[in-house]
Amino acid sequence: MKDFLTYLKNYLRRLSFKHLLFTLLFTGLLVVCNYTFGIERRIRDIRPWYLSLFSFFFFYSAVFFFTWAITGIPAIRPRASGRRFLLILLAAPLYFSFKMIHWDLSLILPASLQYPWDRYALIVLQLPAKLLLLCMLLWGCGKLLQQDKAQFGWTTRNFRPGPYFLLLTLLIPLIALASTRPDFLHTYPKVKNIAFIGGYTKTTGPWQLLYELSYGLDFLSIELFFRGLLVIGLARYAGEQAILPMAAFYCTIHFGKPLGECISSFFGGMILGVIAIRTRSIFGGLIVHLGLAWLMEIGGWLGHQ
């Protein structure tokens, strides 16, 4: 824990107050607009799907590039490296736009699969399929940047898990408090999304466990994308300057979550970004993020009892 506080204190000491203030004001304005007018909900409701995809891409690109403009897009030499950097800045919101829309995977399911198992399979396969797309993106970025997987934080070198489990333990009282709030209980536990299978099987436990494992893969993709690609991967060009744009982008993907979770995601994203850039590993953030997600599932379940 002392190391975490030292990392954060040193980062805040070096951080430009003007950049932090403008980024907070911009992100705060987006949060107010979303929870007043429903930005994410309106984009999700756009039909057909490719217009929703384009709208997400426009929104995420605007957020990402504007926050990079606030902190200052670095002058990169040689020119070829600068083009690679800008290409990743475009590829990032494009990937997440694809992630935000629903994928119709019915074509890969056996024709003999009937309701409710066809619907269950479509839900459970969504996140693994999107993780596969991210792996393809990281592979392409690795080739482009001439980096191996360790350069995106996929390494346990000098990694110590103990402090992260301690941090996770300290978050339990906050989750317990959140579990008493109606907006939290409206969203969690996520496993209620497969409640429709209850009347078709005697034991729902294994199917719920499989759903939770699929749900957990989403947090692996989040850490790989935000901390692995957008912080560790871009640190070679921008150093710690990559953290604030990532935190703002990270906040906007929580627009469908309870307001408190959305606001805290900005600061949580900053902290995880500082840890990632200091340790060059995503596994600490993965422990915290995945543990927090499953604890919120437990908190949601208990809150409904």
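## Thr-23 and its surroundings

Leaving aside residues up to four places away in sequence, Thr-23 is in contact with Thr-67, Ile-70, Thr-71, Leu-244, Ala-248 and Phe-266. The model in which these contacts occur is a predicted one. Thr-23 belongs to helix H2, which covers residues 17-37. Its relative accessible area is 0%, so Thr-23 counts as buried.

## The nonpolar core

The largest nonpolar core comprises 91 residues. Within this core, the residues with the most contacts are Phe-96, Phe-225, Phe-226, Leu-230 and Phe-249. Helix H10 (residues 205-233) supplies the largest share of the core, namely 12 residues.

What does Phe-249 touch, not counting residues up to four places away in sequence? The contacts of Phe-249 are Tyr-60, Val-63, Phe-64, Ala-92, Pro-93, Phe-96, Phe-225, Phe-226 and Leu-230.

## Helix H10

Helix H10 has 29 residues, and at 1.5 Å a residue these should span 42 Å.

## Cysteines

The number of disulfides in the model is zero, with a pair of cysteine sulfur atoms required to lie within 2.5 Å. Cys-141 takes part in no disulfide; its nearest cysteine sulfur belongs to Cys-135 and is 12 Å away. Cys-141 has a relative accessibility of 5% and therefore counts as buried.

Cys-251 is likewise in no disulfide. The nearest cysteine sulfur to Cys-251 is that of Cys-262, at a distance of 3.9 Å. With a relative accessible area of 1%, Cys-251 is buried, because buried means under 20% relative accessible area.

## The second largest pocket

The second largest pocket has a volume of about 310 Å³. Its lining consists of 16 residues. Which of these lie nearest the centre of the pocket? They are Arg-157, Asn-158, Arg-278, Thr-279 and Arg-280.

Two or more lining residues of the second largest pocket come from each of helix H1 (2-14), helix H7 (162-170) and helix H13 (259-279). Helix H1 gives the most to this lining, contributing three residues.

How values were computed
Residues numbered from 1 in each chain as written. Predicted model: local features only at pLDDT ≥ 70, side-chain atom pairs only at ≥ 80, totals over all residues. Heavy atoms only, no water. Core = buried A, V, L, I, M, F, W, Y, C linked by side-chain atoms within 4.5 Å. Buried < 20%, exposed > 50% of the residue type's maximum accessible area, 1.4 Å probe, protein only. Helix = DSSP H or I, 4+ residues; strand = E, 2+ residues; numbered from the N terminus. Contact = heavy atoms within 4.5 Å. Expected span 1.5 Å × (residues − 1). 1 Å grid on protein atoms, 1.4 Å probe; cavity = no way out; pocket = protein on both sides within 12 Å on 5 of 7 lines; lining within 4 Å. Points joined across faces, edges and corners; volume = space filled by probe spheres on them.
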